[in-house]
Structures are given as C-alpha cells and as structure tokens.
Amino acid sequence: MDRFLGQSHAIGLTDMHFIPYKRYLLADNFLRASGGGFDTQLLARLCDYASGCAIVQFGSAFAREDYIKLATAIAHLISKPSIQGPGGSYYGISKIVDDDNPTLKLLYPYANFSLHADGVFEDNPVDWLMMMQLREQHVTGGKSRLLHMADWDAYDVFHDDPANQVIRHGLLEKDGRYDVFRKFTSLEPSRARILHKRDGMNTVKFVDQYVIPETIAQARFIERFQASVESSPQVYETALPVGSMIILNNNFWMHGRSAFEQHPHLEREQLRQYGCFTEEQLQGISQHG
C-alpha cells in the first residue's frame, strides 16, 4: 500500500474525477506495487462460478483519499466502471447516519437492508460490484449479508415455479429516486425473470423496490421468494472493517446489510463501483457443479 501511494501521490481526487486516463495510471501503479498478477487472479476469482467473490483488506491506517485511489485502481483492473452519479462520477459514496427518515432505503440504518442484486434499468447492467468501507464511527452491526445462488437450497423450486415469469424491473412512479437516476440512465425498464439459468449458472435479478408485478400471482411469488432467501441458512454475514473491500459477481451473488445498533452519532461512508465484464472475460467464466 505504501509503495502504491508513493507512486500515486501526484494524482489527486480532482484528477481522478476529470481525467479518465489517470484512473488507469493508478491501476498500473497498483500492479507495479503488488508485483503483478493481481488483476489476473482477481478476474479469475470473480469469473469463477464456484467463488465469484473476493474480500481484500488493506488496514485502517490510511486517509479517505487513499482508499478512493485504491478502489479506483482495482476497479479499473476489472473493467471500466459504469457511470453511477448525477455528476458523471464513476463511483458513488453513501453516507449512513442516525436518521429515521432518509431519502433512500439504502441509507436507513436500523433495519436489515434486504438481499438484492444490483442492476435495474436496460442501459445500466451490472456484472460486478465493489463496496469499500472508507470511514465509520460508533458503528455496531451493519454487517454485509451475502448469498450465492448455488448455495441457496430452494433455487430450483422457485426457478421452476410457473410464476417465475418475465417481469418488469424499473421505477413505478416519478418520486425522488427518479430525479437521481434520470441524470445517468435513460430509465428504460428492463424485462427479465427473477431467476434464470444461464450457461450452467443459477443467476438472479432482483431489487424489491424496483421489481414491478402485474398480477397477484407474481406479487405472491415475489413475497415467497424474498422470504425464502432472507431466511436461508446459507446467508453469510461478515463485518467489513474500514480499509476493506468486497467485490462480487452480481449475476449469482445477492448482497444486503444487517441493521446497525442505534447510536446518535452513528456514521459510515462506503464507496461503491460497478461495471460489466467484457465478452472475453465472460467467455472465461468457469463452471463448477
């Protein structure tokens, strides 16, 4: 980490935001500092159906800007991150505080944030997702909750259910979320089954706020599906300390967050980046029974 930061000291947050090629210079600096091979190993893990996940820890002794540099470098070793902010930023930072009425469900601290897989709109697909803890204070709880679709015992039952039909994923109403999303996506809804088997993999597409049923049968199916995944004994919980990141294959991992314990000065900042694999990377996905 010290070697990487020494090589990257001249690249600041403004450079990263406005000068795209410098993001790739950070990626190259990280490869040089790590001795090479990190990108190959990471891609192999993410594209491997038997794993599809990596947790990397760098320690909590570094500055917030240093972590953003590091996350930028590693994301650009995977692929070009998607735009996900109204200002055209390739990363987003969510800040969770003691608030009973936040603008987004993601920011509500005192209940589980339900399991989901990112990617809602037709022009904003998500193959991989990175979450990195930047800073936190007075935090107890708030663990990452993870479920691999190959581990979920009920996958075939729900996959084969007649109600697992092609369904709309998008926004139903023009609320506050509309004003945010319309600045970096067309908001064109996508249509897909919640559960779909592809190339030997159990895949999932689901965010409870953005899946829009058109029949009672579909709504009841969603209810049963969500209750099953949330109660699955295969859900894995892990703390993600400051300076740590988790990178997931979004096609077959669901993720969520456990509730925080209430504290008047609760604060957590988490960086998020996501993107799509290239065709070459997709062809390299290994299949394991």
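What follows is a set of questions on labels, each answered from values and cut-offs.

Mentor: This is a predicted model, in which local features need pLDDT of at least 70 and side-chain atom pairs count only at pLDDT 80 or more, while totals for chains, interfaces and linings use all residues. Residues are numbered from 1 along each chain as its sequence is written, and side-chain values use heavy atoms, with hydrogens and water left out.

Trainee: How many helices and strands are in the chain?
Mentor: The chain has 9 helices and 14 strands. Both are DSSP runs numbered from the N terminus: helices are H or I with at least four residues, strands are E with at least two.

Trainee: What percentage of the residues count as buried?
Mentor: Of 289 residues, 53% are buried. The label buried means under 20% relative accessible area, exposed means over 50%, and partly exposed lies in between (1.4 Å probe, protein chains only).

Trainee: What share of the contacts join residues at least 24 apart?
Mentor: Taking contacts between residues at least 6 apart in sequence, 82% join residues at least 24 apart. A contact here is a pair of heavy atoms within 4.5 Å.

Trainee: What makes Glu267 and Arg135 a salt bridge?
Mentor: A salt bridge needs a side-chain nitrogen of Lys or Arg within 4 Å of a carboxyl oxygen of Asp or Glu. The closest N and O atoms of Glu267 and Arg135 are 2.1 Å apart, so the pair meets the definition.

Trainee: Why is Glu267 called buried?
Mentor: Because its relative accessibility is 15%, and the cut-off is under 20%. Arg135 has 30%, so Arg135 is partly exposed.

Trainee: Which strands does the salt bridge between Arg268 and Glu136 tie together?
Mentor: The side chains of Arg268 and Glu136 meet at 3.0 Å, N to O. Arg268 lies in strand β14 and Glu136 in strand β4, so parts that are 132 residues apart in sequence are tied together. Arg268, at 6% relative accessibility, counts as buried, whereas Glu136, at 29%, is partly exposed.

Trainee: How do you know that Asp156 and Lys197 form a salt bridge?
Mentor: Their side chains meet at 2.6 Å, N to O, which means that the pair falls within the cut-off. Asp156 is in helix α6 (residues 155-159) and Lys197 in strand β8 (residues 195-198), so the bridge ties together parts 41 residues apart in sequence. Asp156 is partly exposed at 39%, and so is Lys197 at 38%.

Trainee: Which residues are joined into one network?
Mentor: Lys95, Arg135 and Glu267 are joined, through salt bridges that share partners. The search of the whole structure finds 12 salt bridges.

Trainee: What makes Asp199 exposed?
Mentor: Asp199 has 54% relative accessibility, and the cut-off for exposed is over 50%. Asp199, found in the loop between β8 and β9 (201-204), has a positive phi of about 55 degrees although it is not a glycine.
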